[in-house]
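Please open the model in your viewer and keep the selection tool at hand. The tour below moves from one selection to the next and says what is there.

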Amino acid sequence: PQPRHTSFSQFAQPEDELCTGFYAIRTEGLFDWSDQPSVRFISCTFGQPPVSTDAQDCAPIPGQLFWNWAHRSCEEKHGFICMKQSATERTGDEVEVHIGCKVGWKRHGSYCYFIGTTMKKFDEAKSDCEALGSYLADVSNGVDNAFLVSLVGFRPEKHFWLGLSNQKNIDEFVWTQGSGVKYTHWNTGMPGYEQGCVAMTT
């Protein structure tokens, strides 16, 4: 069967804990998936899951792990994500899921997305996207954010520029396309009160 890659980011608030099917009910200290015969991959915080005889036999995920936008200096060099309108509107019966997008671009909704191939400062990344007839990605809702997480989640870069900044006015974040901010997904303690640019963390 095909591997399943699930992003929980659109569901989690920083104070939340999300329940998973990872538990040790049958045998203390031996964790299993509720719907799988064996565990093939785990990524736990140091000291977790606890090996004890108390009642904590299930493995929750803390919501702050996915609170993943960071306010960074615009002069730092990071990966970046470009987006543009796809060439054709989705009809609902396409076989090729990236129809309307050039090779190397990924389609989501009616837009095409591209992950930059080199590390750039914010303004350099903005220029590179514009040279491709696109712009630094903006995010309007949790579903779009989860899609971007799925694009960059296994990349080696730690940060990817989005098109959001407060370079011109420290009190106002705007997208490079000039639109206002309707959705955010800040990391804990973000944003700081300083001028900068916004990057998605992996």
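A residue is called buried when its relative accessible area is under 20%, exposed when that area is over 50%, and partly exposed in between (1.4 Å probe, protein chains only). This is a predicted model, in which local features need pLDDT of at least 70 and side-chain atom pairs count only at pLDDT 80 or more, while totals for chains, interfaces and linings use all residues. Residues are numbered from 1 along each chain as its sequence is written, and side-chain values use heavy atoms, with hydrogens and water left out.

Begin with helix 1 (122-131), bearing in mind that helices (H or I, at least four residues) and strands (E, at least two) are DSSP runs, numbered from the N terminus. Select K126 and E130, whose side chains meet in a salt bridge at 2.9 Å, N to O; the term stands for a side-chain nitrogen of Lys or Arg within 4 Å of a carboxyl oxygen of Asp or Glu. Because K126 and E130 are four residues apart in helix 1, about one helical turn separates them. K126 is partly exposed at 27% relative accessibility, and E130 is partly exposed at 44%.

Next select K121 and E75, which form a salt bridge of 3.4 Å, N to O. This pair links distant parts of the chain, 46 residues apart: K121 belongs to the loop between strand 8 (111-115) and helix 1, and E75 to the loop between strand 5 (69-72) and strand 6 (79-85). K121 has a relative accessible area of 29% and is partly exposed.

At the N-terminal end of helix 2, select N141, which caps the helix with a side-chain oxygen 3.1 Å from the backbone nitrogen of V143.

Leaving aside neighbours within four places in sequence, Y113 is in contact (heavy atoms within 4.5 Å) with residues including I81, F147, L148 and L151.

For a last stop on a strand, select T201 in strand 12, which counts as buried at 16% relative accessibility. Beyond its neighbours within four places in sequence, T201 is in contact with N68, A70, K158, H159 and N187.

Note on methods:
A polar contact is a pair of N or O atoms within 3.5 Å; within protein, one must be able to donate a hydrogen and the other to accept it, and residues adjacent in sequence count only if both atoms are side-chain atoms.
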